[in-house]
Amino acid sequence: KLLTDRMKLPFIRYNVNALIKMPNIAIFGGTFDPIHWGHLLIAETALDQFHLDRIIWVPTFRPPHKAPPLVSFEHRLAMVSLAIAGHPAFHVSAVDSQQQGTSYAIATFKALQTLEPNACWYWIIGNDAFQSLPHWRASQTLAAQCIWLVAPRLMQRAGEGERAAGEERAAGNDQPLEVAIPLDVFTSSQSGSKLNSSRLMPYLHLNGHRLEMPSVAVSSSLIRQQCRDKRSIRYLVPESVRCYITEKLLYQMS
Ligand code: ATP
């Protein structure tokens with residue numbers, strides 16, 4: 001009996017560990033207007049390199065820092081679902097549609113965190129978007145609560161109504177993956193009978209973790225441009241997404 005109990009021990013320990021193990025979950029937010037192979041390569045690289053358990057794809061309802069998406073939330077959600085179908089670790093969340101307004105990353109994060117309070121959280125992001133993190137709402141809180149996985153990005157913007165043609169993406173491979181997030185700190189000091197308050201502006205230096213992958217010069221803007229120009233988007237997006245775009249006549253208007 002003693003022997004069989006001993007043999008059971010590692011098995012029990014393994015299960016207890018599995019029970020208390022914090023799942024590694026990454027959020028991958030984006031407009032996905034539409035989703036393309038660049039997005040999929042980024043997510044797969046993050047999963048592999050950081051041994052993530054799950055990636056939650058979160059289409060933004062209305063992005064705060066860029067022009068409104070060209071197609072509806074439902075279309076973008078459908079295209080993400082088609083693109084990730086069958087991947088065991090990829091999941092999609094419609095959490096941003098609950099707000100029906102501007103989608104702030106902090107609200108997305110809080111909503112998902114409530115569902116998985118014991119997870120270790122990661123955020124997947126392209127280097128161009130990462131550089132704008134200091135301007136996000138509650139960036140201090142977000143920065144502190146997530147591990148930032150940053151994809152290299154070096155490319156030219158496709159010329160498009162909302163952007164200048166040929167405008168370069170802000171950040172590529174060679175840029176350091178560090179951002180300085182302003183921290184608001186108020187200090188007060190007593191001199192004589194007077195209480196002085198002053199505002200200090202220290203910074204939180206946040207380091208992103210580089211995703212080891214080749215830069216992929218594909219963007220949603222490029223796909224939209226190709227559609228408008230009646231040019232092929234085959235091999236720029238998954239085949240299921242290409243068929244969806246064709247069938248629903250998306251991105252055809254110039
Ligand atoms: P758009 O061209 O409309 O700006 P996009 O291609 O940047 O779209 P988004 O859905 O806005 O696509 O991107 C979601 C996230 O993926 C962002 O963090 C963005 O920086 C990143 N990303 C998208 N495409 C790439 C790429 N080719 N290389 C690296 N990061 C990318």
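Helix H3 buries Phe73, His75, Arg76, Leu77, Met79, Val80, Ala83 and Ile84. Buried here takes 20 or more other C-beta atoms within 10 Å of a residue's own, with C-beta atoms placed from the backbone. Helices are DSSP runs of H or I, at least four residues, and strands are E runs of at least two, numbered from the N terminus.

Before I go on: this is a predicted model, where local features need pLDDT of at least 70, side-chain atom pairs count only at pLDDT 80 or more, and totals for chains, interfaces and linings use all residues. Residues are numbered from 1 along each chain as its sequence is written.

What covers those buried residues of H3? The cover includes H2, strand E2 (54–59), strand E3 (90–92) and helix H8 (239–247), counting contacts as C-beta atoms, placed from the backbone, within 7 Å. Just past H3, glycine 86 has a positive phi of about 90°.

Zooming out, the protein chain has eight helices and ten strands, and 33% of its 254 residues are buried.

Now, the ligand. It is surrounded by 18 residues, the closest being Gly30, Gly38, Gly126, Ser220 and Ser221; near means a C-beta atom, placed from the backbone, within 6 Å. Two or more shell residues come from each of helix H2 (37–49), strand E4 (120–126), helix H5 (127–130) and helix H7 (220–228). H2 gives the most, with three residues.

Terms used: A residue is buried if 20 or more other C-beta atoms lie within 10 Å of its own, exposed if 12 or fewer, and partly exposed in between; C-beta atoms are placed from the backbone. Two residues are in contact if their C-beta atoms, placed from the backbone, lie within 7 Å.
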